[in-house]
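Hi everyone, and thanks for coming. I'd like to walk you through a structure today, so please have a look at the screen.

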Amino acid sequence: MSKRDLKKYLVALTKEQLEEQLVELYEKFSPVKVYYDFVFNPKEDKLLQEAKVKISHEYFPVKKPNARWRPKAKMRRSVAQKIIKHFISLGVDSFIIADLMLYNIEIAQTYSSNNLIKQELFYKSIFNSFEQAVNFLISSGIFHEFKARVQAIYQETLQQKWKNRYDFEAILDKTEI
């Protein structure tokens, strides 16, 4: 069904029929419920804090009470990417999305500063996150508000002597144009 056909269909419905369909969608489909829950009660700060906790637990897992050993860090970039995608789909403020994107990189760098990481994929993955974040900042018109954090991330790649640090530099060079 095209958007045009959908509009025709919706115009033909009475107000009560339309309300019934919306309630049914709300009850039947979880994404619709999540969307309307967010629209009517945004609590963006709470969402951001919960997201940051989830991301930080990927690198610094919390030991559960009565556990004999500390869980191993999983370092899954996909967890952060899924959260960021969810925030974008909800229409969360671009400043909050940008903050979360940069936080994801910063927490990974904090982890790598204290732990030797041999997987090349880790560095490539963080670079991809960096590139996406910079592109998002530019397309949202908020790069200058986050420029100091972006440069700090780059400086950290130099300090930690990441093998792909020059790729980060190339991204920053494109922003100077």
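Let's begin with a question: are helix 7 and helix 8 roughly parallel or roughly antiparallel to each other? Before I answer, please keep in mind that this is a predicted model.

The angle between helix 7 and helix 8 is about 165 degrees, and their axes are 10 Å apart. Angles over 145 degrees count as roughly antiparallel, so that is the answer for helix 7 and helix 8: roughly antiparallel. The crossing of these two helices is left-handed. On the helix 7 side, the residues in the contact are Phe 130, Val 134, Leu 137 and Ile 138, and they meet Phe 143, Phe 146, Val 150 and Ile 153 from helix 8. By class, that gives 8 nonpolar residues, with no polar and no charged ones.

Let me stay with one of those residues, Phe 146, which sits in helix 8. Is Phe 146 buried or exposed? Its relative accessible area is 9%, and under 20% counts as buried, so Phe 146 is buried. Setting aside neighbours within four places in sequence, Phe 146 is in contact with Phe 95, Ala 98, Asp 99, Leu 102 and Leu 137.

The axes of helix 8 and helix 9 come within 9 Å and cross at roughly 155 degrees. Helix 8 and helix 9 are therefore roughly antiparallel too, and helix 8 passes helix 9 in a left-handed crossing.

In the loop between helix 8 and helix 9, please find Lys 161. What is its phi? It is positive, about 55 degrees, although Lys 161 is not a glycine. For background, most residues other than glycine have a negative phi. Lys 161 has 62% relative accessibility, so it counts as exposed.

Now to another helix pair. Helix 5 and helix 6 pack at about 175 degrees, with axes 10 Å apart, and they are therefore roughly antiparallel. In helix 5, the contact residues are Ala 80, Gln 81, Ile 83, Ile 84, Phe 87 and Ile 88, and their partners in helix 6 are Ile 96, Ile 97, Leu 100, Met 101 and Asn 104. These residues divide into 9 nonpolar, 2 polar and no charged.

Which residues touch the most other members of the largest nonpolar core? They are Tyr 59, Phe 122 and Phe 130, out of 45 residues in that core. Helices 4, 5, 6, 7, 8 and 9 each supply at least two residues of this core, and the largest share, 11 residues, comes from helix 6. Looking at Phe 122, and leaving aside neighbours within four places in sequence, we find contacts with Tyr 59, Met 75, Ala 108, Ser 112, Ile 117 and Trp 162.

Two last stops, both earlier in the chain. Lys 43 is in the loop between helix 3 and helix 4. At 47% relative accessibility, Lys 43 counts as partly exposed. Lys 43 and Val 92 are 49 residues apart in sequence, yet 9.9 Å apart in space, C-alpha to C-alpha.

Then there is Gln 21, in helix 2, which covers residues 15–28. With a relative accessible area of 30%, Gln 21 is partly exposed. Not counting residues up to four places away in sequence, Gln 21 touches Tyr 9 and Leu 13. Gln 21 and Gln 132 are 111 residues apart in sequence, and their C-alpha atoms are 37 Å apart in space.

Key. Residues numbered from 1 in each chain as written. Predicted model: local features only at pLDDT ≥ 70, side-chain atom pairs only at ≥ 80, totals over all residues. Heavy atoms only, no water. Core = buried A, V, L, I, M, F, W, Y, C linked by side-chain atoms within 4.5 Å. Buried < 20%, exposed > 50% of the residue type's maximum accessible area, 1.4 Å probe, protein only. Helix = DSSP H or I, 4+ residues; strand = E, 2+ residues; numbered from the N terminus. Contact = heavy atoms within 4.5 Å. Axes fitted to C-alpha atoms, helices over the stretch in contact; angles between N-to-C directions. Parallel < 35°, antiparallel > 145°, perpendicular 65-115°, else oblique. Left-handed = near helix turned anticlockwise from the far one by under 90°. Nonpolar A, V, L, I, M, F, W, Y, C, P; charged D, E, K, R; others polar.
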